[in-house]
Amino acid sequence: MIATRMIPDFSAPVHIDQVGVEERASRFTKRSIKNESKLNGLMLALNMIDLTTLEGKDTDGKVKQLCYKAQHLHDAYPGLPTVAAICVYPSMVKTAKAALGNSGIKVASVATAFPSGQAPRDVKIRDTKYAVQNGADEIDMVISRGKFLQGEYNFVFDEIAAIKEACGPANGGARLKVILETGELVTYDKVRKASDIAMYAGADFIKTSTGKISPAATMPVTLVMLEAIRDFYYKTGKKIAMKPAGGISKAKAALHYLVMLNEVLGEEWMNNEWFRFGASSLANDILMQLMKQRTGVYQAANYFSID
Amino acid sequence: MATTDKRLEILKTYKIYIGGQFPRTESGRYYIASSNKGLKLANVCLCSRKDFRDAVVAARGAFGGWSGRAAFNRGQILYRIAEMLEGRKAQFIDELMKQDASRAQAENEVSLCIDRLIYYSGWCDKFQQLFSTVNPVASSHFNFSVPEPTGVVAAIAPQADSLLGLVSLIAPIIAGGNTCIVLAAHSKPLCAVTFAEVLNSSDLPGGVVNILTGKVSELIPFFADHMDVNAVVYCEADSSNQKMIREKAAMNLKRVSFYDKVKWAHEEGQSPYFIMDFQEIKTTWHPIENIGGAKAGY
C-alpha cells in the first residue's frame, strides 16, 4: 500500500497557526450540553477509556485488580459499558489477558523501550514481538524524539514501519498506536509533522503522550493531530484513530474532547474503534458524574473503587 | 494639578473565597446588599450550587494537609488570624455600622471575635487531652480513644451576628483540623468577605475555609446532601429546614449540628464542645506483653 502512495517530503517546513489553533480549541469548551446528551457523552467517554497502569512498581496483583475494575466499574449502576482496553507494560500482558478472559476488553501494551524510547531498534522490535506474542491486541510505541528533533525524519519513519511489521499477522496481529510525546516536541509545527510521519509509516492510532512528561495531552495539541488525521483521510481515504493520553482526569474535560472530535472528524469517529482516552483516574470521575446525574446528589470519591 | 473637593469613590468588589482564591460566582449572578434604611452597600455574589461544589472540592483537597499539621501549628495560625483581625478592626467596625450596628455594638462585636479566635487558638492542642481516654479492658491490650477531625464541614452562618456568628462557627471547626465551606449571612455579607481577606493573609492554607454568599433557601439542600461533606451546621430555628437537613444528611451519615439557641455574644458562645461537634472518636487496641509486670491496672 505504502509503495503506491505518495509519501510527502517530510523535510519541507510545516506551518500551524498557533493562535488560531488555541483559539479554536478553547471554543470547544464553551458548548452547552444538555442533560441527556451529557449522559450519553459520559457513557461514550467511559467506553473509550484505556484504563492504564504504567508504574515501575506494577505487580500481577495490581494488574489483576485493574482488570477486575475494568469489568466491574461500579456495580451499583447497572447497565454501564466497560472500558475499551487495559494498558500495561509488556511483562504484564499475559496476566491482563488471563484476567480479562472473554470480557471483550482489549489488552494494550506499551513497547519499544517505553517511555524514553532510547534503545536500539532490534531491542524495540523484540519488545514489541514479545508483547504481541503474549496476546496484546494493541501496541503503544514511542517515537525516537531525539532523532526527530535532530531532523532525522527517515529514521523515525523507518522505525515506525519496522514496528508496524512486528505487529503484523505473522506475530499475532495488533493495532499500532504511535506516541508522539508532544510535550517534548514543544511546537505545533513539530506535532503536525510527527503526526504525518506516523500516519504515512503505518500507524493505526496516533497518540499524544506517554503520561510521564508534562504537559501531556492538551486540547490544542489534540486538535492539531485530529486535523492531521482529517487531512490524511481526505488524501488517502484511510481512517486513523486518535488517543489523547495523560492529564485528562475530569469528566468535563472528556466531554470537551468529544465535542472537538465530533466537530473535526465527525460521527464516524465517535466510538472506541477510532478514539480512546489514555487515563487512570478519568473513569472514576465519569462514574461520579453519572451517579450525580442518576441520584441528583454530588458524589464523594470514597464511595468508588480506588484507581 | 488642582484637587477637587469631591473625589470619585472607589468601591470594593465583594467576591467569594474558594481554595484561597477570590473568584466571582460561576453563575454570574449577584444581589444587592443594603442597609435597613435602603442604602445600597454592595453588589454581592449570588452563589449557585456549582460554586458550592467547587468549594467542596477545594475543602476536600485541603483537608489532608490541614488535619495533618501539628495541633500546635494550627493554634499558631488561629492566633495569627486574630492578629490580622486586630490590625483591620476599623474596617470591620465600619462595615458593621454600614449594616445598621451602632458604634458601640460594632466595636464590641469585633473585640469579641478577636478574643474568640484567641480562645480557640489556645484549645487547638489541648482539647485532645481533655476528650481522649485510656480505657480499662479485660485483655492484655493498651486501649485508648482519641478525637480526630471528621473532614469537610458545610456550615450556614447565623443570619444575626453576621461577623461574630461566622467567626464563632469557623474557629472551632478549623481548630479541630477540619476544613469548611461557610455560607455568609444573606442580608449582611460584607464582613464575611472581608474576613476572607483576613484569612487569606494569615498563613491559613487555601481551601481550609471557603466562604460563599447567597441565598440560604437555594443552597441548603446541597449543603445537606453532598456526599463528600461530613458534617453540616445550621443556626436558625426553621423546623422544616432542620427536618430536610436531617433527612438528606442521613444519606452519608453526616454529623448534624443545629445552633439555633446559642447566644454567640455570651459565654455560652464558646466552648471546647463546639470543637467536639466535628470530631470522630478513634479507639485503638494496642497489644502488650505482660500487663501485670508493670503493676498497672490497665
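Modeller: Gladly, and please keep in mind that this is a predicted model. Let us begin with β4(A), where both faces are covered: A:Glu138, A:Asp140 and A:Val142 are buried on one side, and A:Ile139 and A:Met141 are buried on the other.

Biologist: Let us turn to a helix. Which residues of α4 in chain A are buried?

Modeller: In α4(A), residues 93-100, the buried residues are A:Val93, A:Thr95, A:Ala96, A:Ala99 and A:Leu100. Seen down the helix axis, the buried residues of α4(A) fall within an arc of 160°, so they line one face of the helix. They pack against α3 (60-71), β2 (85-88), β3 (106-111) and α5 (121-133) of chain A. After α4(A) comes A:Gly101, with a positive phi near 50°.

Biologist: Why is α2(A) called roughly perpendicular to α11(A)?

Modeller: Angles from 65 to 115 degrees count as roughly perpendicular. Helix α2 (residues 35-47) and helix α11 (residues 251-264) of chain A pack at about 95°, and their axes are 10 Å apart. That angle makes α2(A) roughly perpendicular to α11(A). On the α2(A) side the contact uses A:Lys38, A:Gly41, A:Leu42, A:Leu44 and A:Ala45, while α11(A) supplies A:Ala251, A:Ala254, A:Leu255 and A:Leu258. By class, the residues of this contact are 7 nonpolar, 1 polar and 1 charged.

Biologist: And where do the chains meet? How many residues of chain B are in contact with chain A?

Modeller: There are 6 residues of chain B in contact with 5 residues of chain A. The chain B side of this contact holds 2 nonpolar, 1 polar and 3 charged residues.

Biologist: Now chain B itself. What makes β7 and β9 of chain B edge strands?

Modeller: The order in this open sheet of 5 strands is β7-β6-β5-β8-β9 (chain B), with parallel pairing. β7 (209-212) and β9 (255-258) of chain B each have a single partner strand, so one side of each is left without a neighbour in the sheet. From one strand to the next, the twist averages 15°. β8(B), residues 231-234, pairs with β9(B) in the parallel sense over 4 bridges, and B:Ala231 stands opposite B:Arg255.

Biologist: How do you know that β4 and β10 of chain B pair?

Modeller: The threshold is at least two bridges. β4(B), residues 141-149, and β10(B) have 9 bridges and pair in the antiparallel sense.

Biologist: Why is B:Glu247 counted as exposed?

Modeller: Exposed applies at 12 or fewer C-beta neighbours. B:Glu247 has 11 inside 10 Å, so B:Glu247 counts as exposed. This residue is found in helix α9 (residues 239-249) of chain B. From B:Glu247 to B:Asn143 is 35 Å in space, C-alpha to C-alpha, and 104 residues in sequence.

Notes. Residues are numbered from 1 along each chain as its sequence is written. Chains are lettered from A and ligands numbered from 1 in the order in which they are written. This is a predicted model: local features need pLDDT of at least 70, side-chain atom pairs count only at pLDDT 80 or more; totals for chains, interfaces and linings use all residues. A residue is buried if 20 or more other C-beta atoms lie within 10 Å of its own, exposed if 12 or fewer, and partly exposed in between; C-beta atoms are placed from the backbone. Helices (H or I, at least four residues) and strands (E, at least two) are DSSP runs, numbered from the N terminus. The arc is that of the directions from the helix axis to the C-beta atoms. Two residues are in contact if their C-beta atoms, placed from the backbone, lie within 7 Å. Ala, Val, Leu, Ile, Met, Phe, Trp, Tyr, Cys and Pro count as nonpolar, Asp, Glu, Lys and Arg as charged, and the others, Gly among them, as polar. Axes are lines fitted to C-alpha atoms, for helices over the stretch in contact, and angles run from 0 to 180 degrees between N-to-C directions. Angles under 35 degrees count as roughly parallel, over 145 as roughly antiparallel, 65 to 115 as roughly perpendicular and the rest as oblique.
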